[in-house]
Amino acid sequence: MPPTEKKALPAGQAPGLKFEKVVKRFGANAVLRELDFAVAPGERVTLIGPSGSGKTTILRLLMTLERPDGGLIWIGDDTLWHRERGGKRVPANQKHLHEMRKQVGMVFQQFNLFPNMSVLRNLTEAPVRVLGLSRDEAVERATSLLDLVGLADKADAHPTRLSGGQQQRVAIARALAMQPKVLLLDEVTSALDPELVVGVQDLLRDIARESDLTLLCVTHEMRFARDISDRVLMFDQGQIVEQGPPDQIFNEPTEQRTRDFLQAVLAT
Amino acid sequence: MSDVLDAYPQLLRGAWTTVQLTVYGSVLALVLALVFGLAGTARSAWVRAVGRVYVEFFRGMATLVLMYWFFYALPLVGFRFTPMAAAVLSLGLNIGAYGAEVVRGAVRAVPKAQYEATVALNFTPVQRMRRVILPQAVALMLPPFGNLVIELMKGSAVVSLITIGDLTFRAKQIQNATGETLWTYVAILLIYFVIAQALQSLVRLAERRVDRMLGRRAEAT
Amino acid sequence: MEWDWHYTGDILPDLLDGLRVTVTATLLGYVIAVLLGLVWTLLRRTPSAVVNQTVRWVTEFVRSTPLLVQLFFLYYVLPTWGITLGPLTAGVIGLGLHYSTYTAEVYRGGIDDVPRGQWEAAVALNLPRSRTWLDVILPQAIRRVVPTLGNYLIAMFKDSPLLLGINVAELLNTAYTTGTHTLRFLEPITLVGVLFVLVSVVSSVLVRRLERRSHATD
């Protein structure tokens, strides 16, 4: 990656993440049951496992799209869903969530670009409105990010005019424009046509390697999981079944459930 | 027939009054629709209830009854309205209730994923609404709003019953003066039709605009 | 001026008489609207371009001009052609004709919503065209649109006060006449408002229940 492009990436010490006995229920269905796990600062972790095992819920809790029913979620030294008041821990208010979200960015399965804005506007709107950047600064940042994702010529295009792969690249750039320290990737290539998958994955792999981001990734693509992560967590029914470096998980899984899952995924 | 044509200044004045009523009524209805429609999407159950009560009450009320109430009943307890104010209020309140349902439905029809993206980008609740949700919802509101404006325009004919000199009122005057019953009514029906068609084309124009804005149709470059 | 409960009690029977006229006019008008609307829809589907376009413009014209003026037309213009209608008859026909152009749109939507496969199945079974319509398409289309048609019954009810423009002694007219006798408008017109909101809200709750049930059986 040329040095000018690298400048566009967020830098600086990233926080670690920690789940402490986190419970999440949807109605009578407990998706997460007292889940414990931690991610080190700057670590890149991939969650794999069958659908409905609670992987995406973990990302959505971190992005404050879902509220936990119990336990604590730490980002760095601060709890996400609770704040200190008079030495006691009380539920977070909007202001606390707003503060905490500054560190976190997310890329969605369905891109979720804003159809009422041009590509450039998608990238500049939040930096201007939320971070208070000047329009010029935001455009400069957006331009170098579009350069990074290889879409410098699409700045004025309308999001719906782009291919799925291009839309997802824009969505990645949009998340990075907020300079998060933690990046959440939620099945980012599942909605793409097969021939576009590799390009987006390679882009993310490069970004992961070149930046100091703490990365949490949910995917069904085992090659991508191997490429991007320091550590792989195998999930089933809201619990960690097995974890370790990608080589170990993919080559010598110890648990039967992991072996079954990998076999099923690789067979397709 | 020529008698009716000779009365064209009266017809024009009437048509102008009808257009004015439509514009004032629509502006009031739009404001009410946005306020109470957005209340209907609020997080607080109390605020939602306020939106609900407004919608149920004024959708259930006949415009003409409301207008009579403003014009004949309220002055007796000390609230005096000019006929025009009574007319605009009752038209606006009634169509505003339908409009509020349109606003609420349109906001709820914006995909939840768009809302989630605004959270992920750390927009404040007001910014989410103002920058992302509403601009997309407006696209969905336009066609039904257009129909409501036409309904309001048609509904405004009842103001003739409280002596406002709109198109329908002029028709009765001309009918009495000339005895030309048939041509009088043919003439004003045609004028109403033309106004409705003009509104219709305005709506279509606005729809095309918004579609282009949201990239839903090929851009004309 | 204070609200007079005694007076309110005195006028209530008259108002309920007016409500009866209002409900009668609405229901009769509704029968016309529901039947005539179907006629418009079917005529729009005939192969003849002349019939098709004529119906299209006639319904468009009726839909985009005010009901009140149409009532005046029926009541004042038709007699000059030798057709004299009583106020209530003119009112019922006017309401029914006006709203038939709305119900026509409802039917059209319902028919468009019947899946293509149903038509194709009818062709495959070699059903004659009339059987296809009567046994396959219309039953499905009408079941889909019943709740929407219900909403138009409420809409017609709320437009029925316009009939006072041609001297029908419906609810609002009764209230107004009562008011002119006593010069007290507050009680009668407020009561009319209350009655309208009551009937409309109760009926729309019923329609919504109907809507949910028809969704449930889909």
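Which residue of β10(A) does A:Thr46 stand opposite?

1. The model is a predicted one. In it, A:Thr46 stands opposite A:Cys217 of β10(A). The two strands concerned are β3 (residues 44-48) and β10 (residues 214-218) of chain A, which pair in the parallel sense over four bridges.

2. That pair sits within an open sheet of six strands in chain A, ordered β8-β9-β10-β3-β11-β12 and with mixed pairing. At the edges are β8 (104-107) and β12 (239-244) of chain A, each of which pairs on one side only. Averaged over the sheet and with direction ignored, neighbouring strands are turned by 20 degrees against each other.

3. Helix α6 (residues 164-177) of chain A lies across β8 and β9 (182-186) of chain A. The direction of α6(A) is at about 175 degrees to β8(A).

4. Strand β1 (residues 17-26) of chain A is antiparallel to strand β4 (residues 70-75) of chain A, with five bridges between them. In this pair A:Val23 stands opposite A:Gly70 of β4(A). β4(A) is also joined by two bridges to strand β5 (residues 78-79) of chain A, again running antiparallel; here A:Trp74 stands opposite A:Thr79 of β5(A).

5. β4(A) and β5(A) form a hairpin, with two residues between the strands. One point to look at in the turn is A:Gly76, which has a positive phi of about 60 degrees.

6. Next, the helix crossing in chain A. Helix α5 (residues 135-148) of chain A and α6(A) have axes that come within 9 Å and cross at roughly 140 degrees. α5(A) is therefore oblique to α6(A). The crossing is right-handed. On the α5(A) side the contact is made by A:Arg141, A:Ala142, A:Leu145, A:Leu146 and A:Leu148, and on the α6(A) side by A:Ala173, A:Leu176 and A:Ala177. By class, this contact has seven nonpolar residues, no polar ones and one charged.

7. A crossing in chain B can be set beside this. The axes of helix α3 (residues 45-60) and helix α5 (residues 83-109) of chain B come within 8 Å and cross at roughly 130 degrees. α3(B) is therefore oblique to α5(B). In this case the crossing is left-handed. From α3(B) the contact uses B:Gly51, B:Tyr54, B:Val55, B:Phe58 and B:Arg59; from α5(B) it uses B:Leu93, B:Asn94, B:Gly96, B:Ala97, B:Tyr98, B:Ala100 and B:Glu101. The classes here are seven nonpolar, three polar and two charged residues.

8. For chain B there is also a record to consider. An unreviewed UniProt entry places the feature "domain: ABC transmembrane type-1" at residues 15-203 of chain B. In the model this span is 81% helix and 0% strand, and its end C-alpha atoms lie 20 Å apart.

9. Chain A and chain C do not touch, their nearest C-alpha atoms being 22 Å apart.

10. The contact of chains B and C takes 30 residues from chain B and 29 residues from chain C. On the chain B side, two or more residues each come from α3, α4 (63-73), α7, α8 (167-178) and α9 (181-213) of chain B. α9(B) gives the most, with nine residues. This side of chain B has 23 nonpolar, five polar and two charged residues.

11. The contact of chains A and B takes 17 residues from chain B and 23 residues from chain A. In chain B, α6 (112-120) and α7 (125-155) each supply at least two residues to the side that touches chain A. α6(B) gives the most, with six residues. The residues of this side of chain B divide into ten nonpolar, five polar and two charged.

Note on methods. Residues are numbered from 1 along each chain as its sequence is written. Chains are lettered from A and ligands numbered from 1 in the order in which they are written. This is a predicted model: local features need pLDDT of at least 70, side-chain atom pairs count only at pLDDT 80 or more; totals for chains, interfaces and linings use all residues. Axes are lines fitted to C-alpha atoms, for helices over the stretch in contact, and angles run from 0 to 180 degrees between N-to-C directions. Angles under 35 degrees count as roughly parallel, over 145 as roughly antiparallel, 65 to 115 as roughly perpendicular and the rest as oblique. A crossing is left-handed if the near helix is turned anticlockwise from the far one by less than a right angle, and right-handed if clockwise. Two residues are in contact if their C-beta atoms, placed from the backbone, lie within 7 Å. Ala, Val, Leu, Ile, Met, Phe, Trp, Tyr, Cys and Pro count as nonpolar, Asp, Glu, Lys and Arg as charged, and the others, Gly among them, as polar. UniProt positions are given in the numbering used here, feature names are shortened, and annotations may be inferred rather than shown by experiment. Two strands pair if DSSP finds at least two bridges between them.
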